[in-house]
Amino acid sequence: MSHTSVMATGPAVGGDLEQALENVGVPSYVLDETGVVRWMNAAAEQLLGNVRGRHFTSVMAPEDRPRARERFAQKMLGTSVATEATGHLVSSAGARVPVEVSSVVLTSGETVVGVFGLIEGRPDDTRGAPPPHLTPRQVDVLRLLEQGRSTKQIAAELHLSPETVRNHVRRLFQALGVNSRLEAVAAARAASR
């Protein structure tokens, strides 16, 4: 996928699609099949700096990287054509920026050749970094608990069985030394301050 014609693999919509996307105020990017940033518009560059040629996870908060890699792999394997996710990016100034990322696969014929995404800011929910002793899966579960998700909703979001989620919640409680979901959220917020 070349830098100057990354949008050439998309559908014929008439006009200059790449130029139109360049002028959109929403940060947008294109990743190749290995996850390397090949194109970004000015709004994305203003937010993240020029990260062309770098892996997309290089601008993500560490706790969000495992789940992002998983979603990217699902798109490359063709098991998911689009995803919506929340998390934090690290801006060019080094600040954590809470975002919602919408992404879709780019194909050339039947072959997946990359991913196109849009980044939308979201209000900062005052969450800090999670306690460092938690596993990435415990961080995933904690973030969803903070959003008020039920066991069934967490299972669907993380593609796990409800029993596996219950096990993760129990281990999270042990790691934080708490006995309830509310205590877990409060303890994690207190630890991040």
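The buried residues of helix α4 are Gln-138, Val-139, Asp-140, Val-141, Leu-142, Arg-143, Leu-144, Leu-145 and Glu-146, where buried means under 20% relative accessible area, exposed over 50% and partly exposed in between, with a 1.4 Å probe and protein chains only. That is nine of the 11 residues of α4, so this helix is mostly covered. The model is a predicted one, in which local features need pLDDT of at least 70, side-chain atom pairs count only at pLDDT 80 or more, and totals for chains, interfaces and linings use all residues. Residues are numbered from 1 along each chain as its sequence is written, and side-chain values use heavy atoms, with hydrogens and water left out.

**The chain as a whole**

- You will find seven helices and five strands in the chain; helices (H or I, at least four residues) and strands (E, at least two) are DSSP runs, numbered from the N terminus.
- Read from the N terminus, the order of the elements is α-β-β-α-α-β-β-β-α-α-α-α.
- The chain has 193 residues, and 44% of them count as buried.
- Among contacts (heavy atoms within 4.5 Å) with a separation of 6 or more, 47% come from residues 24 or more positions apart.

**Around helix α4**

- The cover over the buried residues of α4 includes α3, α5, α6 (162-176) and α7 (181-191).
- Just after α4 comes Gly-148, with a positive phi of about 80°.

**Helix α3**

- Helix α3 covers residues 65-77, and its 13 residues should span 18 Å at 1.5 Å a residue; the end C-alpha atoms are 18 Å apart, which agrees. The expected span is 1.5 Å times one less than the number of residues in the helix.
- Buried in α3 are Arg-67, Ala-68, Arg-71, Phe-72, Gln-74 and Lys-75.
- These residues cover an arc of only 155° around the axis, which puts them on the same side of α3; the arc is that of the directions from the helix axis to the C-beta atoms.
- Covering the buried residues of α3 are elements that include β1 (28-32), β3 (82-90), β4 (96-108), β5 (111-121), α4 (136-146) and α5 (151-158).

**The aromatic pair**

- There is one aromatic pair in the structure. Rings of Phe, Tyr and Trp (its six-membered ring) pair if their centres lie within 6.5 Å, and planes under 30 degrees apart count as stacked, over 60 as edge-to-face and the rest as tilted.
- The partners are Phe-56 and Phe-72, whose ring centres are 5.3 Å apart with planes at 40°, so the pair is tilted.
- Phe-56 sits in the loop between α2 (42-48) and α3, while Phe-72 belongs to helix α3, so the pair ties together parts that are 16 residues apart in sequence.
- Both Phe-56 and Phe-72 are buried.

**Two strand residues to look at**

- Val-115, in strand β5, counts as buried at 2% relative accessibility.
- The C-alpha atoms of Val-115 and Leu-31 are 5.1 Å apart, although 84 residues separate them along the chain.
- Leaving aside residues up to four places away in sequence, Val-115 touches residues including Tyr-29, Val-30, Phe-72, Met-76 and Val-104.
- Pro-98, in strand β4, is buried with a relative accessible area of 7%.
- Pro-98 and Gly-87 are 11 residues apart along the chain, and their C-alpha atoms are separated by 5.8 Å.

- On a 1 Å grid over the protein atoms alone, a cavity is a set of points where a 1.4 Å probe fits but cannot get out, and a pocket is an open set with protein on both sides within 12 Å along at least five of seven lines; lining residues have an atom within 4 Å of a point.
- Grid points are joined across faces, edges and corners, and a volume is the space filled by probe spheres set on the points.
- The largest pocket holds about 280 Å³ of space.
- Its lining has 17 residues, with Arg-67, Arg-71, Thr-86, Leu-144 and Glu-157 nearest the centre of the pocket; α3, β3, α4 and α5 each give two or more residues to this lining.
- Two cavities of 30 Å³ or more turn up in a search of the whole structure, and the largest cavity holds about 370 Å³.
- Of the 25 residues lining the largest cavity, Tyr-29, Phe-56, Met-60, Leu-89 and Val-101 are the closest to its centre.
- With six residues, β3 gives the most to the lining of the largest cavity.
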